[in-house]
Amino acid sequence: MKKFFTLIALALCAQASMAQDVIASFTFPNEIMATQTEQEKADAIAKTASAEGVAGTGCTVDYAKIGGYTSSGGENWKVLNGVYFQKLTHATQAFITLHLNSGKFQAGDVLKATLYNGSTTADGLKVKEATATAHNVDHTKEAASTLVYTLTANDLNEDGSLTVYRSDAKCYVNTIWVERNGEGGGGEGGDPTPEVDNALLKEYFDYTENSALEGQGGWVVSTKASEATGSSPIVINRTITYAGYDGSATGKAALFDDAQQQTTEGNSRNSVVPFISTKPATNDVFYAAFLGDFSNTATTSGKEIFSFIKQGAAAGDGTTARGRVWVKVTEDGNKSFAIRKNGQLIETYSAETPKADAVLLVVKYVNKSTGSSGDADEFYLFVNPDPSKSEEDNAAVKMEALGNSSDGGADLRYVSFRQTKLNAAYAGLRVAKTWDDAVKYKSATAIEQVAAKKMAANGEFFNLAGQRVAQPAKGLYIVNGKKVVVK
């Protein structure tokens, strides 16, 4: 489950020492350790082929063989003061491989790990498959300690990844992280430390083309019995571009196409993914940002596309969806958006833009619930905000949901894209607790900035996604570096 581990609360003391020079980090979650039956072990293996590292570091971790590993029928974990330590073995049985999401590990990077040892002998870790050198650290029996080792070029795999396993039978590991000094760690090129990303959920749909979305990244297609027909949305190669947004131009998207998915019964289905694992606290605020491509969407007077949701756990369970975002597509090829809390009739839509233009939508959810009703919860929609500006500075494109003073919606832990007989694609989904972390700004490169200045000086029209528009219709555009409204 690619996105699952960004949801885990990490309260490990070793984390306190992690500063901005931490380029990769991973903590074994308790539920993978405490597998007891053979089925539980098999389930753990199945769901842990890879995972993102600790939020705020740029790391993906392969550890498919960890979950079910046992030695001579014994336990594969130890617990010290409530903290779980996972047992590793040699490089062909139980190990992990860390991959940086940006750049490669380098000679000079410092590998650190919190270890537990059940004996008094020196014990530690090995790095790189089949290496003969063990990097040991002394332990006190039944106590934790920290291994510190500076990597050499010989310790790294050919693709720049790092494989870690144990050097002896009594070694158990909780957290592994890698730090880089400010000069690039002595490796070629001096790759910079990846920028911190605090998203609760970052879904850029980086899966195999034409594969079913369901079952990847924690996605589940509607468990509601009346909406259970049809197939999963699919992953496609499609570049949806929106200037300044981190989720722009990733090359992948999720396609919600009625013809492809054969959505017949109930006319709608939810594709849901969790962004938190526990009930939101009172006054918690969440932002969900994503890109939409409606270039192939037929004319519609209004259909729902997205919401925050409380999803039932089994077929037939009810769902509670709030912050319902709607799209309207006119006969002359323009689109606009609205938001409602639940049963209200939508009367006001956002300003129209050409349906061929990409759109950035940001949904804000303020949890005011003190009980099960959620009556006071608030929802807002931002249509085509400027990612380089604050939430306050984007007030002109903000809409308040109808029904904010009524209609319950407590305990919303998922976000949902809704298939309502539309042909639409979505990309660059980010959910976070602050505007800046959700609407993550990605500045243009120097070359892009020069090109933009040249184009802006020619009096040409550009939409908010940075695309030149030959014949602008109604809407907001950039001309000579300034915003212009065409009426």
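1. Confidence. The pLDDT, the predictor's confidence in each residue from 0 to 100, averages 74 over the protein, and 61% of the residues score at least 70. A contact here means heavy atoms within 4.5 Å. Where pLDDT is low, the predicted coordinates should not be read in detail.

2. Basis. This is a predicted model, in which local features need pLDDT of at least 70 and side-chain atom pairs count only at pLDDT 80 or more, while totals for chains, interfaces and linings use all residues. Residues are numbered from 1 along each chain as its sequence is written, and side-chain values use heavy atoms, with hydrogens and water left out.

3. Overall make-up. The protein has five helices and 31 strands. These are DSSP runs numbered from the N terminus, with helices (H or I) of at least four residues and strands (E) of at least two. Of the contacts between residues at least 6 apart in sequence, 71% join residues at least 24 apart.

4. Burial and surface. Of the 487 residues, 51% are buried. Buried stands for under 20% relative accessible area, exposed for over 50%, and partly exposed for values in between (1.4 Å probe, protein chains only). The protein exposes about 21,000 Å², and carbon and sulfur atoms supply 48% of that area. Accessible areas come from the Shrake-Rupley method with a 1.4 Å probe; for residues, only the protein chains shown count as cover.

5. An open sheet. Seven strands form an open sheet in the order S14-S17-S26-S19-S20-S21-S22, with antiparallel pairing. Strand S14 (220-221) and strand S22 (353-354) stand at the edges with a single partner strand each, so one side of each has no neighbour in the sheet. Strands count as paired if DSSP finds at least two bridges between them. S14 and S17 pair in the antiparallel sense over two bridges, and Val221 stands opposite Ser271 in S17.

6. Salt bridges. The structure holds nine salt bridges, each defined as a side-chain nitrogen of Lys or Arg within 4 Å of a carboxyl oxygen of Asp or Glu. Side chains of opposite charge can pair when their charged atoms come close.

7. Arg238 and Asp293. Their side chains meet in a salt bridge at 3.3 Å, N to O. The pair links distant parts of the chain, 55 residues apart: Arg238 is in the loop between strand S15 (234-237) and strand S16 (252-257), and Asp293 is in strand S18 (residues 285-293). Arg238 counts as partly exposed because its relative accessibility is 22%; Asp293, at 13%, counts as buried.

8. Asp246 and Arg430. The salt bridge between these side chains is 3.5 Å, N to O. Asp246 lies in the loop between S15 and S16 and Arg430 in strand S27 (residues 423-432), so the pair ties together parts 184 residues apart in sequence. Asp246 is buried at 17% relative accessibility, and Arg430 is buried at 0%.

9. Lys433 and Asp284. These side chains meet in a salt bridge at 3.2 Å, N to O. Lys433 sits in the loop between S27 and helix H4 (435-438), and Asp284 in the loop between strand S17 (269-274) and S18, 149 residues apart. Lys433 is partly exposed at 39% relative accessibility, whereas Asp284 is buried, with a relative accessible area of 16%.
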